[in-house]
Amino acid sequence: MFELVFFSLLNGLVFGMLLFMLSSGLTLIFGMMGVLNFAHAAFYMLGAYFAYTLTGYLGFWPALVIAPLLVGVVGALVERHGLRRVHRFGHVAELIFTFGLAVLIEEIVQAVWGRAAKSYEVPELLDFPLFRLFSTSFPAFKAFMLLVSVGIFVLLFLVLTRTRAGLIIQASLTHPSMVGMLGHNVPRVFMAVFGLGSALAGLAGVIAGPVLGTFPGMAQVLGSIVFVVVVIGGLGSLTGAFVASLLIGILQTFAVALNYTLTDLATALGIGLSAQSAFADLWTVTIAQIAPIMPYLLLILVLIVRPMGLFGTRET
Amino acid sequence: MSIVAAPAARRWGLCLAVVVVLVALPHLFGSPIAIAVMNKMGIAIIFALSYNMMLGQGGMLSFGHAVYFGLGGFIAMHALNRLAGGPWAPPVPLLPLVGGLAGLGFGALFGSFSTTRAGTVFAMISLGIVELVASSSLILKGFFGGEEGISGNRTKGLVLWGIRFASDVQVYYLIAFWTVVATGLMYAFSRTPVGRMANAVRDNPERAEFVGYSQRWVRFVSFCAAGFFAGIAGGLFAVNYEILTEEAVGLARSGNVLLMTYIGGIGYFGGPIIGAVIFTFLESMLSDYTPIWLLYLGILFLATVLFVPTGFAGVLMMHEPARRAGRLHRLALPYLAAAVVGLCAAVGIIGLLEMVHFWSAAAVGRTRMRLFWTMLDIKSVAPWLVFGVLAVGGALALRRVAPRAAAAWNEATYGREDAAR
């Protein structure tokens, strides 16, 4: 039992911090421009594919730096030439634009890299079990993922709170027009933040690609979860994104490890449930099976009960 | 100017013409493929129109409209399978109605909480719902049939007037009938007070509240109606294909209906019809020629969002004043120039994309491919250069030609003097 709890917690932490790398960028972009970027996970996928290709030519370590930068440039270009153009048509048009962009990036990835999963492997230097507890071992690469994401978290925190650029970004979150009046180029700040958020997503893709798989569906698999995270945490709130990332990450990994069903619960309470009825599926599914649904249930609940999320201060 | 008939008479004349065309179509295009494509189109038209009741007329962006389509289809299929042979065997022509009622029921259920808000929150809830239903479709195997879905046999339904729906043409007439009925009903809905209030709530919810309407209730009514018609489309889907998988309730189908509705134009009632026809046509035809047809559809969609947010219908309606003024012919030359240049750019981009795709998809060692009716060697420089020049040159030229076409449109629409002002 301790083994299960320990490793679920550790894996949940790794997954949660990975989610935070995505959700931090997404929530910054939302807070600033009011647009929920549907294509955010697509940038994460681009990061993984760029890194896969670059690894073939340069090796993993240069790819770790170059791929996120490339994704950041793509993101900045998208903001400059796409999003800024549809901005005047309102938020719904922006949402539709980013949705179309997500579809387009997925199709481009399929056209360029093919439909099959790519064998983007963990670099040899990190391909060993870090430690072993009871019968389960913890791979070194996951520790590396945790290290990178915590490092990014600290860096992001310092940049946002301790530097001049960070102050301007924070001010643009709440008072964009006032920041503009003070002589700052707000559109350029928007572009920079969009590029930064995309680069963070790209970095997440680079380090998650070898573990979660590099395939054209990877954006959709993670994309909806990241949405859930930012909505539950509260749109525009970095603290909320952090807490919700860890919450969802740990919840997901724990649920996958549990094999209890409603029938088990009923038996424990002394109620007998028939396995023959038409709804038998409902009480014979295990918690592990409904793990993929839980985030969405949470999402709907939060949106109905508290649309500003856990830490948000305003409604969308 | 020709003699203009009274609007009402003209509307009925249009209806009659549509019916005549629909009856004649299978005789003109009788091949099984053509019938299959037309059946698909009819279903897509109802689905897209129902989607536009929310997006275009109600201002609600949903990422999960396929939920009502799919669930309607599943319930219709279960009704057929469970009741066939018994005293309550449903007649096949009424199965879409079963689907519609199911769509209405689920619309009322999910709409009861998701229509409390509009805008981004509504879109997010719809996303949550579609993910929820799509994920549970793999868990509730009894209802959704798991990975392989559920199938049925439409000839097992109650036979009315000796029509057994054994051939696709009979199904075509059923779909055509429902398409006309559903389109008529949806048009009528857009003219009812609540349909009008949906427009008002879309444009200015606060003022609508001050007039005395609950914005939430207005959205809820539109939502349920949209669910009902999506369910009809789903029921027709069940009758036509006789198989439903979890794909019918999924995010991809929900995204497709957004694509086709938007490409057609959300601002006009007829827009989604155009969009559904174009989308289905491209889907059926392009997929024969290229494996990356979805990429082209994605480009078309994004180009629509960026450059012509009013869609195809909007572009058509843009030329109405010029047509009335009899100045449409003046547009021919500037438009032709833009079209030629645009075609060059398109050929260049398509060529580059196809070659890139071939590079990654072809077996190792194969370097020769067929493109635009010629054989190319992708290892040589020439095709890359030609397509690259076409793409870049075409795009640059389009930037020069497009303003002239726009100026010509201005002049044709407002007259020379007004345009100059």
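## A helix pair in chain A

A crossing of two helices is called right-handed if the near helix is turned clockwise from the far one by less than a right angle, and left-handed if it is turned anticlockwise. In this predicted model, α9(A) passes α10(A) in a crossing of the right-handed kind. Helix α9 of chain A spans residues 218-233 and helix α10 of chain A spans residues 238-257, and the two pack with their axes 8 Å apart at an angle of about 130°; α9(A) and α10(A) are therefore oblique to each other.

On the α9(A) side the contact is made by A:Ile225, A:Val228, A:Val229, A:Val230, A:Ile232 and A:Gly233, which meet A:Gly240, A:Ala241, A:Val243, A:Ala244, A:Ser245 and A:Ile248 in α10(A). By class, the residues of this contact comprise nine nonpolar, three polar and no charged.

## The interface between chains A and B

Between the chains, 41 residues of chain A are in contact with 38 residues of chain B. On the chain B side, the elements that give two or more residues are α5 (119-137), α6 (141-144), α11 (251-264), α13 (293-307) and α16 (332-361), and the largest share, 13 residues, comes from α5(B). The side of chain B that touches chain A has 25 nonpolar, ten polar and three charged residues.

## Domains of chain B

The domain assignment divides chain B into domain 1 (10-318) and domain 2 (320-420), whose centres, taken over C-alpha atoms, are separated by 33 Å. Four residues from domain 1 of chain B and four residues from domain 2 of chain B take part in the contact, and the domain 1 side consists of three nonpolar, one polar and no charged residues.

Definitions and conventions:
Residues numbered from 1 in each chain as written. Chains lettered and ligands numbered in written order. Predicted model: local features only at pLDDT ≥ 70, side-chain atom pairs only at ≥ 80, totals over all residues. Axes fitted to C-alpha atoms, helices over the stretch in contact; angles between N-to-C directions. Helix = DSSP H or I, 4+ residues; strand = E, 2+ residues; numbered from the N terminus. Parallel < 35°, antiparallel > 145°, perpendicular 65-115°, else oblique. Contact = placed C-beta atoms within 7 Å. Nonpolar A, V, L, I, M, F, W, Y, C, P; charged D, E, K, R; others polar. Domains from an automatic or database assignment.
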